[in-house]
2 protein chains.
Amino acid sequence: MKYCCYCANPVVLKIPAKDNLPRYTCENCGAVHYQNPKIVAGCIATWEDKILLCRRAIEPRYGLWTVPAGFMENNETVAQAAARETFEEATAKVDNLTLHSLFNIPHINQVYIVFAGNLAQPETRPGLESLEVNLVEEQDMPWDEIAFPVIRRTLELFFDRSETPPGHVYVGDIGPKWGGE
Amino acid sequence: MKYCCYCANPVVLKIPAKDNLPRYTCENCGAVHYQNPKIVAGCIATWEDKILLCRRAIEPRYGLWTVPAGFMENNETVAQAAARETFEEATAKVDNLTLHSLFNIPHINQVYIVFAGNLAQPETRPGLESLEVNLVEEQDMPWDEIAFPVIRRTLELFFDRSETPPGHVYVGDIGPKWGGE
């Protein structure tokens, strides 16, 4: 950030009064431009004993598999964001969303919040950001072709019922050593 | 937002290619300025059967009571943010944080994520943003002087063990009819 988005004056990095971290600050109009982590909302959408996977048609990790997930938008809930991403990426509607896991990825300022839910019907088709979509049983999971460490960890927990008993919400962190995002 | 924070050119509100929502976009440098919800991290800090409340020394809701909570910063986890706010507002250290609740407040683009944890010791003192801090038993709760609807609802759930059995994470929404924030 170089300029104030309200008045176009150059910003300076300084610690505002009564604050303790440097912020981009406009000395013309007085605006303080805070920067905060973003929520990525995702969905493990199931049909019987299969889960919905999407093969990415966009970078990063083009061609690798993920569950539907993306940045939460203003004016929606996290569950609405998860359902919206599922529809955008796989043309699939999900019901009965329950919170499954929350993963911090502090080195890239993201918080993944993933729900589990039921597909309303098994018919799906790729959205603009997916090359293909598929309903996959546990024994057929493409573990070596999962797009992101946070998604692989989330799916491991989903299938490992001993780690996540019914109703349990898993909270964890993903660090740079996992390969980041 | 009126100007691009990277090049100071005026921005326009338009739907970028392959997108479906209007975004502030710079037609000079091509930057798309996304706006996303912010996470407010909070902590119900307990000592025996008491919880830590802080009386706000800042607007909004100056003089009313809350649990320590504030905007999550970059480069931290949600639990670290909750613990940091507890220290900043009440000079108190907390251990054993577990996820208690997640509340969407879509009309103000906030997601409250609140942990429960144990105070390391019962001595606390007000930080810069608190007029006073207090350890309060359930029967002494100042229910009519709680600063925010989301905090009141979170504390109701915390004390109503029938709604939140051990390990349960409550997910809910707060709408404008609750009085917003």
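Chain A has 2 helices and 11 strands, where helices (H or I, at least four residues) and strands (E, at least two) are DSSP runs numbered from the N terminus. This is a predicted model, in which local features need pLDDT of at least 70 and side-chain atom pairs count only at pLDDT 80 or more, while totals for chains, interfaces and linings use all residues. Residues are numbered from 1 along each chain as its sequence is written, and chains are lettered from A and ligands numbered from 1 in the order in which they are written.

Along the sequence, the elements of chain A run β-β-β-β-β-β-β-α-β-β-β-α-β. The C-alpha trace of this chain spans about 60 × 35 × 30 Å along its principal axes. Of its 181 residues, 38% count as buried, meaning that 20 or more other C-beta atoms, placed from the backbone, lie within 10 Å of the residue's own.

In chain A, the strands S1-S2-S3 form, in that order, an open sheet of 3 strands with antiparallel pairing; two strands pair if DSSP finds at least two bridges between them. Strand S1 (11-14) and strand S3 (32-33) of chain A each have a single partner strand, so one side of each is left without a neighbour in the sheet. Strand S2 (residues 23-26) of chain A pairs with S3(A) over 2 bridges, and Tyr24(A) has His33(A) as its bridge partner in S3(A).

Between the chains, 35 residues of chain B are in contact with 35 residues of chain A, contact being C-beta atoms, placed from the backbone, within 7 Å. The largest share of chain B's side, 3 residues, comes from S8(B).

Terms used: Contact = placed C-beta atoms within 7 Å. Buried ≥ 20, exposed ≤ 12 C-beta atoms within 10 Å, placed from the backbone.
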